[in-house]
Amino acid sequence: MPPLPESLPSGHAGPGLLSPPTPGCPRPSSPRRDPGMLLEIVDVTGRSLAASGFAGRTGTRPPAMADLTVCSFLTKVLCANGGRMFLQDLRGHVELSEAKLRDVLQRAGPERFLLQEVEMKEGLWDAEAEAAAGAGGAGSGGGGGAGAWAWRVVAVSSARLCARYQRGECQACDQLHFCRRHMLGKCPHRDCWSTCTLSHDIHTPINIQVLKNHGIFGLNEAQLRILLLQNDPCLLPEVCLLYNKGGDPFYGYCNLKDKCTKFHVCKAFVRGECKLQTCKRSHQLIHATTLKLLQEQGLSIPSVVNFQIIAAYKHMKLHKTLENKDNSATFPEGSRGLEKQGTQEARAAENRPLVPIPAQPARKPCPGKP
């Protein structure tokens, strides 16, 4: 039996990956098909799965290795294009029909790819409007009238930076041992990484194993940065604990108010743990008062928008799980969040006013930020 063909190209980061668009500027046009980022799915015999009729057979799954390779490659393409793409653009990198590609994403589930049907709009891209409305992709945001509906794909991962490693307290675990400040581009030793006490190398034996365990072994450092920025809450600015302790509906117990240099946002929400359908604390990561803070932290605004989209979906899913548990009903196992109704609920969860709505505060505080 011939060996499995190499399906993943060498590290490839799309142009302008680390230079996010400035809010208010036109959104970049749809990515072009890049021959260097094209994948033909093959089985263990070396035949194309599309050519052999695999993808068209109902109920037939690809070999496990092909599944992992395809998902890793799709994550690589998404992160090379800012972490989020329209399905029709993503299809340009894979030799599969749109229906078959959607099936691959659906079987992978929202733990790997958040697939939602959204309405495209015309006009300038606006980060605040996009985060509030939950409508992503090129040409969406603060512009004009309604447009066509399209499938949006956002890269999701449970990979995280190890918080204990940042404090020098962990030698090996199932999380990435990598310098947090370097991931944010703020490490003072970035020009001489050997002088930093923390690793700047994603290819250490520990990190390679973690990447393999999460099925993202094909990513280079720039692509991994995009993936973590939109999934790992430890890369967001530090959340204000006084804001989260209650009191004033706008500022909690924080006396600094608008002058506070910490994030005034629901800590449980960013960690995917907020159990309140209508929370007293803000679930909006991007608005006028936080844009400056995010930019000072060196964060990519499109990545924070992606974080908002993923967090809103998780909040909707958690609330629905608790709701069904209260009704003694079983939540459908492995729900993919692909139905239009689920997408509309996620969009409604994101579409809250930028001023928090008064309600009962969460009783159980979230663990402190490292």
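Visitor: How far is the sulfur of Cys-187 from the closest cysteine sulfur?
Guide: In this predicted model, where local features need pLDDT of at least 70, side-chain atom pairs count only at pLDDT 80 or more, and totals for chains, interfaces and linings use all residues, the closest cysteine sulfur is that of Cys-196, 3.9 Å away, which is too far for a bond. Residues are numbered from 1 along each chain as its sequence is written, and side-chain values use heavy atoms, with hydrogens and water left out.

Visitor: Are Cys-187 and Cys-240 buried or exposed?
Guide: Cys-187 is buried, with a relative accessible area of 0%, and Cys-240 is buried as well, at 4%. Buried means under 20% relative accessible area, exposed means over 50%, and partly exposed lies in between, with a 1.4 Å probe and protein chains only.

Visitor: Which residues touch the most other members of the largest nonpolar core?
Guide: Those are Leu-74, Leu-90 and Leu-105, in a core of 67 residues. Helix α12 (residues 301-326) supplies the largest share of this core, 9 residues. A nonpolar core is a set of buried Ala, Val, Leu, Ile, Met, Phe, Trp, Tyr and Cys residues joined through side-chain atoms within 4.5 Å, while helices (H or I, at least four residues) and strands (E, at least two) are DSSP runs numbered from the N terminus.

Visitor: What is Leu-74 in contact with?
Guide: If we leave aside neighbours within four places in sequence, Leu-74 is in contact, meaning heavy atoms within 4.5 Å, with Leu-90, Val-94, Leu-101, Val-104, Leu-105 and Phe-113. There is also a second, separate core of 7 residues, which includes Cys-170, Cys-187, Cys-196 and Leu-198.

Visitor: Changing topic, how many salt bridges are there?
Guide: A search of the whole structure finds 4, where a salt bridge is a side-chain nitrogen of Lys or Arg within 4 Å of a carboxyl oxygen of Asp or Glu. One of them joins Asp-103 to Arg-107, with the closest N and O atoms 3.1 Å apart. These two residues lie in helix α3 (residues 98-108), 4 residues apart, or about one turn of the helix.

Visitor: Which parts of the sequence does the pair Glu-238 and Lys-262 tie together?
Guide: The closest N and O atoms of that salt bridge are 3.6 Å apart. Glu-238 lies in the loop between α8 and α9 (241-244) and Lys-262 in the loop between α9 and α10 (267-270), so the pair ties together parts that are 24 residues apart in sequence. Glu-238 is partly exposed at 38% relative accessibility, and Lys-262 is partly exposed at 35%.

Visitor: How many residues of α8 are buried?
Guide: In α8, 8 of the 9 residues are buried, among them Ala-222, Leu-224 and Arg-225. Arg-225 has a relative accessible area of 12%, and its side chain meets that of Glu-221 in a salt bridge (3.2 Å, N to O), whereas Glu-221 counts as partly exposed at 25%. At the start of α8, a side-chain oxygen of Asn-220 reaches to within 3.2 Å of the backbone nitrogen of Ala-222.

Visitor: Where does Ser-157 lie?
Guide: Ser-157 lies in the loop between β3 (146-155) and α5 (163-166), and it is buried at 5% relative accessibility. Its side chain reaches the backbone nitrogen of Ala-159 at 3.1 Å. Leaving aside neighbours within four places in sequence, Ser-157 is in contact with Glu-111, Ile-216, Leu-227 and Asn-231.

Visitor: Last one: where in the chain is confidence lowest, and where highest?
Guide: The score is pLDDT, the predictor's confidence in each residue, from 0 to 100. Confidence is lowest in helix α13 (residues 340-350), at a mean of 47, and highest in helix α8 (residues 221-229), at 96. Over residues 1-33 the pLDDT is below 50, and this stretch has 73 contacts in the model beyond near neighbours in sequence. For the chain, the mean pLDDT is 74, and 63% of the residues reach 70 or more.

Note on methods. A disulfide is a pair of cysteine sulfur atoms within 2.5 Å. A polar contact is a pair of N or O atoms within 3.5 Å; within protein, one must be able to donate a hydrogen and the other to accept it, and residues adjacent in sequence count only if both atoms are side-chain atoms.
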